[in-house]
Amino acid sequence: MPNQKPLNIGLIGYGFMGRTHSNGYKRVNDFFPELAYRPVLKAVCGRTAEKTQEFADQWQYESIETDWRKLIARDDIDAVDICTPNNSHAEIAIAAAEAGKMILCEKPLALNPEEGERMIAAVEKAGVANTVWYNYRRVPAVSLAKQLIDEGRLGRIFHYRANFLQDWTINEDLPQGGAALWRLDAKAAGSGVTGDLLAHCIDTAVWLNGSITDVSAMTETFVKERMHNETGKMEPVTIDDACAFLCHFGNGSLGLFESTRYARGHKALYTFEINGEHASIRWDLHDLHRLEYFDHADDSIVRGWRSVHCTDGDMPYMDKWWVPGLQIGYEHTFVHQVADFLKSVETGEPCNPTFRDAQETQQVCDAVLESARTRQWKNVG
Ligand SMILES: NC(=O)c1ccc[n+]([C@@H]2O[C@H](COP(=O)([O-])OP(=O)(O)OC[C@H]3O[C@@H](n4cnc5c(N)ncnc54)[C@H](O)[C@@H]3O)[C@@H](O)[C@H]2O)c1
């Protein structure tokens, strides 16, 4: 559409997420031509000019900044995209809201619920559009799970279980902290697998199955000391390497969640299963275009788990892509979130999860960490 309105993006942080989001901005109008807005890659901000310029050249950003405050102060930026480590989300988001910018913030929303509250207050006071990149909501199979649950096909839900398993920190010689390994330093990350991985599982769970009311958790730090990249010294490891928790949902169902970076053989195995009165659902990130579904209403002689290949045009988002049978992948979830955000700017409706929605995950993470610390059940919020 030639008369699409430009929406000028200012990207802060050009690492892993900076790339996925940039790809989303670049692709979105090709596949969602009906959108009234077109993202323009106006500026990218990093800390060193040379590397930031390299990224800008590669991804065709029009300009660079090396101080995020300058990016936020620019009149030609409409939306600020926060792709920096977790300990900078609150400061950047609050400043961006005060400058009247729309905000797309990476997950987890903040280091803790207190920061989250201040971020919510800032965006709501400024009245600016805001969203948090819990992108797994926008895997077509996961969106389909939401549709099936909302249609009542599962009936009463009894169980929700989720895992997020990795194995990349088993080596005890791996250092912690600094630009590459900020995830292993609680000062930068807030927590370990709880805020990094379980936050995704919790966001999806709350979206699909409603609020979590209370939790009982255990965490473990298997390697107690690692060399810190900033000091060059061996220092205590402050993050949780593994976390498992039980919970109750408000709808009466029971939850079971586990995450670790010590599950040898697993790189990013995010799975969930939901068991309802009439039907069950299972999903696996490694096979993300499939939704497994068991329906007790099926004729008993053919009853069994079906593996639904989520590629037909009547599946969520799939009418935008190829022909039935041809699947899409990880990067498309970010294209979908950009599309939904642009649509929300057009309609004035919120783009889920908003900061306020994402705060619920923050509160569950906080309760999980507190429960593990005190070895007690903990209420959420
Ligand atoms: N949605 C998802 O699935 C997903 C996946 C990975 C990471 N994340 C989140 O995205 C965020 C970034 O993670 P990542 O994996 O892209 O990290 P990364 O380390 O790959 O990139 C972080 C970037 O931020 C930059 N940066 C750091 N401090 C800065 C500052 N003060 N000013 C400007 N730039 C600064 C770094 O130079 C780097 O380019 C984190 O909050 C993380 O939790 C989300």
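These exercises work through a predicted model of one chain.

**Exercise 1.** What does the chain contain in helices and strands, and what does its C-alpha trace span along the principal axes?

*Solution.* Start with the elements: the chain holds 10 helices and 17 strands. Then take the extent. The C-alpha trace spans about 65 × 55 × 40 Å along its principal axes.

**Exercise 2.** Compare the radius of gyration of the chain with that of a compact globule.

*Solution.* Begin with the length, 381 residues.

**Exercise 3.** What share of the residues is buried, and what share of the contacts joins residues at least 24 apart?

*Solution.* First, burial: 48% of the 381 residues count as buried. Next, take contacts between residues at least 6 apart in sequence. Of these, 69% join residues at least 24 apart.

**Exercise 4.** Describe how helices H4 and H5 pack, from axes to residues.

*Solution.* Locate the helices. H4 covers residues 89-98, and H5 covers residues 113-126. Their axes come within 8 Å and cross at roughly 15°. Angles under 35 degrees count as roughly parallel, so H4 is roughly parallel to H5. The crossing is left-handed.

Now list the contact residues:

- H4 contributes Ala90, Ala93, Ile94, Ala97 and Glu98.
- H5 contributes Glu115, Arg118, Met119, Ala122, Val123 and Ala126.

Last, sort them by class. The contact of H4 with H5 has eight nonpolar residues, three charged residues and no polar ones.

Conventions
Residues numbered from 1 in each chain as written. Predicted model: local features only at pLDDT ≥ 70, side-chain atom pairs only at ≥ 80, totals over all residues. Axes fitted to C-alpha atoms, helices over the stretch in contact; angles between N-to-C directions. Helix = DSSP H or I, 4+ residues; strand = E, 2+ residues; numbered from the N terminus. Parallel < 35°, antiparallel > 145°, perpendicular 65-115°, else oblique. Left-handed = near helix turned anticlockwise from the far one by under 90°. Contact = placed C-beta atoms within 7 Å. Nonpolar A, V, L, I, M, F, W, Y, C, P; charged D, E, K, R; others polar. Rg over C-alpha atoms; globule rule 2.2 N^0.38 Å. Buried ≥ 20, exposed ≤ 12 C-beta atoms within 10 Å, placed from the backbone.
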